[in-house]
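Hello,

Here is the structure I promised to hand over. Please open it first, then read my notes beside it.

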Amino acid sequence: MKIHHRESKVKKRQVVIIGGGPAGRTIVHMLHTSDQNVSATLIKDERINANRCAVPYGIPDEKPLEKFQIPNALVTDYGAALVIDRVARIDTINKSVYTAAGDRYPYDDLVLSTGSRPVIPPIPGVEGQNISAVRSITDLSLLRQLASTGKRAVVVGGGYIGIEVAVVLKQMGLDVTVVEMLPTILMATTEPEFVGRVADELVEKGVHLLTNEKVVEFVHPSDDQVVVKLGSGASLDADFVVLSVGVAPNTEQAGIKTSRLGIGVDKHMRTDAKDVYACGDCAGKASLVTGQPTRGEFGTNAVFMAKTVAHNILGKKKTFPGVINANVTAVYEWSLGSAGLTEQMARDAGIDVVTGYSEVLSKYPMMNQVDTIRTKLVFNRDNRKIVGGSVLRKGNCSAHNVDFISFAIQMGATMDDLMDYQYATHPELAAKPSDNIYVFATKNALTK
Ligand SMILES: Cc1cc2nc3c(=O)[nH]c(=O)nc-3n(C[C@H](O)[C@H](O)[C@H](O)COP(=O)(O)OP(=O)(O)OC[C@H]3O[C@@H](n4cnc5c(N)ncnc54)[C@H](O)[C@@H]3O)c2cc1C
């Protein structure tokens, strides 16, 4: 006797996902764990994706390149069909995507998780040899080769990725110069109070920092030399150049509304085309604090947005509250990060700001290796809510502090909530019972 499974007669809902980064993979994983009759196909143009966050740390060839790759099994082991091809056209009327190879994939739901690409500034000579971006496995392979033979590197861009690359190259023994056109490095994510300490550390370790300085031309006197000409008239002789000046969202999906900040989405992450969603670096983002459009190209944002998309595909009608942009980075033995708005961002958004600052010991004073944790919190004076915060400390614990600040913002915590917040203590693991980084920073804000 033949048993007919009920689902065999029911047509599966076809979900097509474009892009195999954290956003695309999150959708695959969530659809896989659902009990619904869904069939997922993920189309991506990179044969192997890089673990992008780890790319700077893969430049020394101490570890095999494979360690920095995302295995395709993270798609295929989770029930999705994997297609390595480039989506060349989307027909939102007939609900199909067409790849460069000429294949057609019909969909019931389509997810655009096409990420972003490095900005290549239109500087004369930028297309020449020995200039690399920092994003893909191809970039990482090139950077490995350049750093193993070169002695002098110029990093263009002093954001967190450029600084991570500079530290790694310096640790490999290269002569490293960072060129940043803004007045300070790390300006997009770090409070000015903290930048000085980090910049001093870089200089003490021998990294040359040139701020307020613009690259105007790359000259290539030979295949393995680049002369970097600067706006001030000075020039730098380099064996190779690393470009790290930001990213642009991949938004070339014809007919779908986009802005400079990405593919337009509503709170359900729906685009203006029927049954088409967007998430991750390619999608437009709103700040959870202000509700206004904002940048936010972070791996965690990609995952949070993708979860919302998956819930909606599965009929759960979930909304995404906006990004907090929690971020952390490491500079030698320091770790630093922020969540929400910096003081300047809050002022620019028209918020009546009050800030609080604290310096608290990381352990009880009699213990070994006691350091100072520096914390700045930003509050809205009108409703007393926390809108942002930053931490700088030695060791790798800033991520935990930033996570706390992020959660406080997400929960709408006020100054009063933070003053009453109940925490743990231990001589080796935390400050003494009376001291706490958030309570002290809030207390400081209350005096203003
Ligand atoms: C060097 C570096 C360090 C970083 N460090 C951190 C960090 O420490 N913390 C953090 O939170 N974030 C970090 N990020 C940011 C994070 O990596 C990105 O935010 C994240 O990768 C975005 O995920 P995504 O899935 O949206 O896009 P992506 O990871 O970019 O994936 C999108 C994929 O879609 C593919 N694609 C595009 N168009 C098409 C098409 N037409 N057809 C088929 N495929 C297509 C792309 O090739 C790509 O593979 C870092 C980024 C870089 C580059």
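**What I found**

Start at helix 4. There, at the helix start, a side-chain oxygen of S136 comes to within 3.3 Å of the backbone nitrogen of T138. Keep in mind that this is a predicted model.

**Helix 4**

Helix 4 covers residues 137-149, which is 13 residues. At 1.5 Å a residue, it should span 18 Å. Its end C-alpha atoms are 19 Å apart, so the two values agree.

Which residues of helix 4 are buried? They are I137, D139, L140, L143, R144, L146 and A147.

As background, strands of a sheet pair through backbone hydrogen bonds.

Take strand 18 next. Two bridges join strand 11 to strand 18, and these run parallel. I131 stands opposite V241 in strand 18. Strand 12 (residues 152-156) is joined to strand 18 by four bridges, again in parallel. V154 has V241 as its bridge partner in strand 18. V155 stands opposite V242 in strand 18.

Where do the residues of strand 18 point? F240 and V242 point one way, while V241 and L243 point the other way. All of these are buried. In a regular strand, side chains alternate between the two faces of the sheet.

**Helix 5**

The twelve residues of helix 5 should span 16 Å at 1.5 Å a residue. The end C-alpha atoms of helix 5 are 17 Å apart, which agrees.

The buried residues of helix 5 are G162, I163, E164, V165, A166, V167, V168 and L169. What covers these buried residues? The cover includes helix 4, strand 12 and strand 13. It also includes helix 6 (192-204), strand 18 and strand 25 (327-331). Just after helix 5, G173 takes a positive phi of about 95°.

**The ligand**

There are 33 residues around the ligand. Which of them come nearest? They are D45, E46, R135, D281 and G299.

- E46: a polar side-chain atom lies 2.5 Å from an oxygen atom of the ligand.
- D281: an N or O atom in the side chain is 2.8 Å from an oxygen atom of the ligand.
- V87: a backbone N or O atom lies 2.9 Å from a nitrogen atom of the ligand.

Last, find T26. T26 lies in helix 2 (residues 22-33). Is T26 buried or exposed? Its relative accessibility is 12%. The cut-off for buried is under 20%, so T26 counts as buried. Leaving aside residues up to four places away in sequence, T26 touches V303, A306 and K307.

Best wishes

Methods:
Residues are numbered from 1 along each chain as its sequence is written. This is a predicted model: local features need pLDDT of at least 70, side-chain atom pairs count only at pLDDT 80 or more; totals for chains, interfaces and linings use all residues. Side-chain values use heavy atoms; hydrogens and water are left out. The expected span of a helix is 1.5 Å times one less than its number of residues. Buried means under 20% relative accessible area, exposed over 50%, partly exposed in between (1.4 Å probe, protein chains only). A polar contact is a pair of N or O atoms within 3.5 Å; within protein, one must be able to donate a hydrogen and the other to accept it, and residues adjacent in sequence count only if both atoms are side-chain atoms. Two strands pair if DSSP finds at least two bridges between them. A residue is near a molecule or strand if one of its heavy atoms lies within 4 Å of it. Contact means heavy atoms within 4.5 Å.
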